[in-house]
Amino acid sequence: MSVDALTLAEATRIVREATRDKSYQATPLGEEVAAYLRSKRKRLTEISADRYERTLAKLAYHFADLEPKDFEPPVGTERVEEFMEHHWGGKKPATYNQPLSIVSDFFKWQVRRGRLHGDPTLPIEPARKRDVEREVFSADERRAIIASADELRDRVALRLLMDYGLRKGSLQKIRFKHFDHVRRRLTVFSKGGKVRRLPIPDSAFWVDLERLILDSGAEGHHYLLQRVRGNQSRQGPIPDQPMGKHGLHL
């Protein structure tokens with residue numbers, strides 16, 4: 001079956017399985033991908049490393065019969081453009097630009113290692129992001145949103161989002177031990193493995209947080225937002241597991 005004949009679901013399944021069992025490394029490009037990922041191991045988080053590998057596994061399979069030398073520009077540039085268009089051509093700019101940056105870093109690494117003379121991704125421009133009009137919530141809207149939450153736990157989480165600008169990914173990682181009640185600050189684990197200390201001077205926030213801890217019997221290793229059992233016969237929180245991404249989005 002040719003690549004063009006594969007459905008999107010079939011192609012996705014093949015790449016997923018190839019990434020899991022490392023079979024993509026049997027291709028000439030796959031060997032280089034494996035060496036590249038080893039060199040990046042100390043710089044990438046686990047999530048980022050998985051994203052890099054899935055993207056480059058697609059590259060290795062798309063050009064299963066080619067070697068790094070076959071990507072010398074200008075022909076190599078045309079090949080990378082073909083690859084990007086095939087997989088992400090109709091996607092949003094951010095969805096297109098992320099794999100492009102990964103592929104670009106891979107080929108820059110090839111140049112630094114002397115496997116290529118020129119970087120084939122250099123002439124490829126990232127997709128242009130369109131400006132989006134954004135409006136902030138008014139003070140009344142903010143109060144109404146927080147008040148609409150029935151659970152104290154949800155109101156605490158909403159205040160972290162709306163008053164202190166936490167991202168949902170950082171909110172998902174918060175455990176009760178990350179709150180410093182003496183210094184009134186929160187240790188935040190951000191994207192890319194970054195850690196920062198967020199001051200929270202509002203006394204009312206700490207009153208609500210302490211009430212939540214007492215009412216729920218929370219322990220230090222428990223998550224602020226917890227996974228809920230999906231079994232209809234026995235629903236309830238699992239405090240030592242974080243809420244899933246879909247639940248957090250809702």
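Author: The model is a predicted one. Helix H6 (residues 139-147) and helix H7 (residues 152-164) have axes that come within 9 Å and cross at roughly 155 degrees.

Reader: Why is H6 called roughly antiparallel to H7?

Author: The axes of H6 and H7 cross at roughly 155 degrees, and angles over 145 degrees count as roughly antiparallel. H6 is therefore roughly antiparallel to H7. The crossing in which H6 passes H7 is right-handed.

Reader: What makes the contact of H6 with H7?

Author: H6 contributes Arg 142, Ile 145 and Ile 146, while H7 contributes Arg 155, Leu 158, Arg 159, Met 162 and Asp 163. By class, these residues are four nonpolar, no polar and four charged.

Reader: Why is H4 described as roughly antiparallel to H5?

Author: Helix H4 (residues 75-88) and H5 pack at an angle of about 150 degrees, with their axes 10 Å apart. The cut-off for roughly antiparallel is an angle over 145 degrees, so H4 is roughly antiparallel to H5. H4 passes H5 in a crossing that is right-handed.

Reader: Which residues make the contact of H4 and H5, and how do they divide by class?

Author: From H4 come Val 80, Phe 83, Met 84 and Trp 88; from H5 come Thr 95, Tyr 96, Pro 99, Leu 100, Val 103 and Phe 107. The contact of H4 with H5 has nine nonpolar residues, one polar and no charged.

Reader: What makes H2 roughly antiparallel to H3?

Author: The axes of helix H2 (residues 28-40) and H3 come within 9 Å and cross at roughly 160 degrees. With the term applied to angles over 145 degrees, H2 is therefore roughly antiparallel to H3. Their contact is made by Leu 29, Gly 30, Val 33, Tyr 36, Leu 37 and Lys 40 of H2, together with Tyr 52, Glu 53, Leu 56, Leu 59 and Ala 60 of H3. Eight nonpolar, one polar and two charged residues form the contact of H2 with H3. The crossing of H2 and H3 is right-handed.

Reader: Which helix gives the most to the lining of the largest pocket?

Author: The largest pocket has a volume of about 1,100 Å³. Of its 24 lining residues, Ile 47, Arg 51, Lys 173, Lys 191 and Gly 192 are the closest to the centre. H3 gives the most to the lining, with five residues. Helices that each supply at least two lining residues include H3 (46-62) and H5 (93-112). By class, the lining has five nonpolar, ten polar and nine charged residues.

Technical notes:
Residues numbered from 1 in each chain as written. Predicted model: local features only at pLDDT ≥ 70, side-chain atom pairs only at ≥ 80, totals over all residues. Heavy atoms only, no water. 1 Å grid on protein atoms, 1.4 Å probe; cavity = no way out; pocket = protein on both sides within 12 Å on 5 of 7 lines; lining within 4 Å. Points joined across faces, edges and corners; volume = space filled by probe spheres on them. Helix = DSSP H or I, 4+ residues; strand = E, 2+ residues; numbered from the N terminus. Nonpolar A, V, L, I, M, F, W, Y, C, P; charged D, E, K, R; others polar. Axes fitted to C-alpha atoms, helices over the stretch in contact; angles between N-to-C directions. Parallel < 35°, antiparallel > 145°, perpendicular 65-115°, else oblique. Left-handed = near helix turned anticlockwise from the far one by under 90°. Contact = heavy atoms within 4.5 Å.
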